[in-house]
Amino acid sequence: MTTRSNAERLLMWLQDAYAMEQEAATMLTAMAGRIEHYPELKSRIEQHVTETKQQSERLRACIEQLGGSTPAVRTAMADLMAAFHAAGNSLMSDEVAKGLGVSYAFEHMEIASYRSLILAAREAGRVDVAEVCEAILLEEVAMADWLAEHQDAVIVRFLQREATEGVTAKH
Ligand code: MG
Ligand code: FE
């Protein structure tokens, strides 16, 4: 059986997380850019785009400190993210509702990733990296919580607009 040091696994997961954040930034930017009638959702997503870009930079610093490099090519993780992105595409008549669900799922995948990363960093003796991942985890939890708390308002607004003549509901 092949063994791999905790430091090697930590580096691999940091690189996966970096790819995940790159895809998140792409997905969230596209999503926010298309929303017109849900201003609260739009501005919260825009705030999270800013956080996401900062997360990428913090991850890149960790990767470089561990002697690794940021992936130059799309990884399997990035392709998985792209599939999520495609699912939230603009062709759907309930785009805002689908986007909300995709975002909620994405944040929870991020949460699971950072929880694993924190453990890997601790096992590898990298308290500094664990602290970075803990800080990022808090932002992901805050975004997931916001989406859960605002889902009802967004969906009720969508349903009311969709049933109203002459207004756009989908975005
Ligand atoms: Mg993130
Ligand atoms: Fe996130």
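## Tyr 114 and its surroundings

In this predicted model, Tyr 114 touches residues from several stretches of the chain: Ala 17, Met 20, Glu 21, Leu 59, Cys 133, Ile 136, Leu 137 and Glu 140, with residues up to four places away in sequence left out of the count. Two of the residues it touches, Glu 21 and Glu 140, are also protein donors of the magnesium ion (ligand 1).

Tyr 114 also belongs to the largest nonpolar core, which has 42 residues. Along with Leu 14, Tyr 38, Leu 41 and Ile 45, Tyr 114 is listed among the residues with the most contacts inside that core. At least two core residues come from each of helix H1 (6–34), helix H2 (39–65), helix H4 (95–123) and helix H5 (127–162).

## Overall fold

The protein chain contains five helices and zero strands. Its pattern, read along the sequence, is α-α-α-α-α. The chain has 171 residues, and 40% of them count as buried. Among contacts between residues at least 6 apart in sequence, 78% join residues at least 24 apart.

Just after H4, Gly 125 has a positive phi of about 75°.

## Confidence

The mean pLDDT of the protein chain is 93, and 89% of the residues reach 70 or more. Confidence is highest in H5, at a mean of 98, and lowest in helix H3 (residues 76–87), at a mean of 66. Where pLDDT is low, the predicted coordinates should not be read in detail.

## The iron site

Four residues coordinate the iron ion (ligand 2): His 48 through NE2, and Glu 107, Glu 110 and Glu 140 through OE atoms. The distances run from 2.0 to 2.2 Å. The angles among the four donor atoms range from 75 to 163°, and the site is irregular. Along the chain, the donors follow the spacing H-x58-E-x2-E-x29-E. His 48 lies in helix H2 and Glu 140 in helix H5, so this pair ties together parts that are 92 residues apart in sequence. Both residues, His 48 and Glu 140, are buried.

## The magnesium site

The magnesium ion (ligand 1) has protein donors at 2.0 to 2.3 Å. Glu 21 and Glu 140 are both buried.

Val 132 is part of helix H5. Apart from its neighbours within four places in sequence, Val 132 is in contact with Arg 58 and Cys 62. Between Val 132 and Ala 61 the C-alpha to C-alpha distance is 10.0 Å, although they are 71 residues apart in sequence.

Gln 47 is located in helix H2. Its relative accessible area is 40%, so Gln 47 is partly exposed. Gln 47 and Leu 28 are separated by 19 residues in sequence and by 9.9 Å in space, taken from C-alpha to C-alpha.

Terms used:
Residues numbered from 1 in each chain as written. Chains lettered and ligands numbered in written order. Predicted model: local features only at pLDDT ≥ 70, side-chain atom pairs only at ≥ 80, totals over all residues. Heavy atoms only, no water. Core = buried A, V, L, I, M, F, W, Y, C linked by side-chain atoms within 4.5 Å. Buried < 20%, exposed > 50% of the residue type's maximum accessible area, 1.4 Å probe, protein only. Helix = DSSP H or I, 4+ residues; strand = E, 2+ residues; numbered from the N terminus. Contact = heavy atoms within 4.5 Å. pLDDT = per-residue confidence, 0-100. Donors = N, O, S within 2.8 Å, 3.2 Å for Na, K, Ca; no water. Tetrahedral: all angles 85-135°; square planar, octahedral: opposite > 155°, others 65-115°.
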